[in-house]
Amino acid sequence: MNIASPGAPRALAAAALALALGGCATIENPNPRDPWEGFNRPAHNFNEGVDRIVLRPVATLYREKVPPLVRTGVSNFFGNMADVWSAVNSLLQFRLRDAGDSIARVNINTLVGIGGIFDVASNFNIERHREDFGQTLGRWGVPTGPYLVIPLLGPSTLRDAAALPVDRQFNPISYIDSFALRQSLYVLNIVDKRSNLLRVGSVLDEASLDKYSFIRDAHLQRRRAEIYDREGDDRETPPALPDESLNPATGQPAAAQPAAR
């Protein structure tokens, strides 16, 4: 299913309703951050099924058939687009230095890096700051809210889910007039992101653990770090994230695991 298509909101609503009706089992002693686990676990399983049947095979084929240099250019292109919205959110958060970095990155990579295909700005040690509207809301004190797994979209929180329409509205891709080109770019972006996560997914699949709980805890910690863990921020620093370079089950380097292609 193309989650960027015009019918996607209806499909998402239908999937969410089916999961809500079929998966709202009562969880004894639920995690305080995850009171909707009875819905979230079936949604997680649904997403895992879609990933296993559709996304992972397509991403694997993309990684096998597309030369690394081209894949890097694709990732750089979408990263350059993301820097535009990151600059806006940094301004909204009054993080002026970060906004300046993002603006400089967009200008350099667009003009010198041929539309962002080459990440020239990183060669000049201009740091990338990934910001979205959910982080902006968190910066100004909007509570995270319960953990939420969105059908087809994955891990989120109530605050971040509410911010998604704003992120989507101001995605530069949404301003492309050509419907076919716009939808193609949405799909390519999804496949590119998934291909970059094949290694991590392989490690998680091979580890003997509760994958749902691990993804939930890692996602919540990462989002806290993105909002609070800033130089000069006087708020509480969140706990460290799990080290993705290690196998979560054994604590040994993930390099010892078979690589996903």
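This is a short tour of the structure, one selection at a time.

**Start with confidence**

The model is predicted. Colour the chain by pLDDT. The average is 83, and 77% of the residues score at least 70. Now select residues 1–9. Here the pLDDT is below 50, and the stretch has 14 contacts in the model beyond near neighbours in sequence. Next, select residues 234–261. Their pLDDT stays under 50 as well, and the model gives them 62 contacts beyond four places in sequence.

**Two crossing helices**

Select helix 2, residues 37–65, together with helix 8, residues 179–195. Two packed helices are described by the angle between their axes and the distance between the axes. For helix 2 and helix 8, the angle is about 85° and the axes are 8 Å apart. Angles from 65 to 115 degrees count as roughly perpendicular, so helix 2 is roughly perpendicular to helix 8.

Which residues of helix 2 meet helix 8? Show the side chains of Asp 51, Leu 55, Arg 56, Val 58, Ala 59, Tyr 62 and Arg 63. On the helix 8 side, show Leu 188, Ile 190, Val 191, Asp 192, Arg 194 and Ser 195. By class, this contact has 7 nonpolar, 1 polar and 5 charged residues.

**Arg 105**

Move to helix 4, residues 96–111, and pick Arg 105. Is Arg 105 buried or exposed? Its relative accessibility is 1%, so Arg 105 counts as buried; the cut-off for buried is under 20%. What surrounds Arg 105? Leaving aside neighbours within four places in sequence, its contacts include Asn 80, Asp 83, Asp 119 and Glu 127. Thr 110, Ala 121, Ser 122, Ile 126 and Arg 128 are also in contact with Arg 105.

**His 129**

Now select His 129, in the loop between helix 5 (120–123) and helix 6. With 10% relative accessibility, His 129 counts as buried. Show what His 129 touches: Ser 86, Asp 98, Asp 101 and Ser 102, not counting residues up to four places away in sequence. Zoom in on the Asp 98 side chain. It makes a polar contact with the side chain of His 129, at 3.5 Å.

**Two loop residues with positive phi**

Select Phe 94, in the loop between helix 3 and helix 4. Phe 94 is not a glycine, but its phi is positive, at about 60°. Its relative accessible area is 62%, so Phe 94 is exposed.

Asn 125 comes next. Look for Asn 125 in the loop between helix 5 and helix 6. Its phi is also positive, about 60°, although Asn 125 is not a glycine. At 71% relative accessibility, Asn 125 counts as exposed.

Select helix 7, residues 158–169. Which of its residues are buried? They are Arg 159, Asp 160, Ala 161, Ala 163 and Asp 167. Now show what these buried residues pack against: helix 3 (68–92), helix 6 (133–139), strand 1 (147–150), strand 2 (154–157) and helix 10 (211–228).

**Last stop: Phe 214**

Stay on helix 10 and pick Phe 214. Its relative accessibility is 23%, so Phe 214 counts as partly exposed.

How values were computed
Residues are numbered from 1 along each chain as its sequence is written. This is a predicted model: local features need pLDDT of at least 70, side-chain atom pairs count only at pLDDT 80 or more; totals for chains, interfaces and linings use all residues. Side-chain values use heavy atoms; hydrogens and water are left out. Buried means under 20% relative accessible area, exposed over 50%, partly exposed in between (1.4 Å probe, protein chains only). Helices (H or I, at least four residues) and strands (E, at least two) are DSSP runs, numbered from the N terminus. Contact means heavy atoms within 4.5 Å. A polar contact is a pair of N or O atoms within 3.5 Å; within protein, one must be able to donate a hydrogen and the other to accept it, and residues adjacent in sequence count only if both atoms are side-chain atoms. pLDDT is the predictor's confidence in each residue, from 0 to 100. Axes are lines fitted to C-alpha atoms, for helices over the stretch in contact, and angles run from 0 to 180 degrees between N-to-C directions. Angles under 35 degrees count as roughly parallel, over 145 as roughly antiparallel, 65 to 115 as roughly perpendicular and the rest as oblique. Ala, Val, Leu, Ile, Met, Phe, Trp, Tyr, Cys and Pro count as nonpolar, Asp, Glu, Lys and Arg as charged, and the others, Gly among them, as polar.
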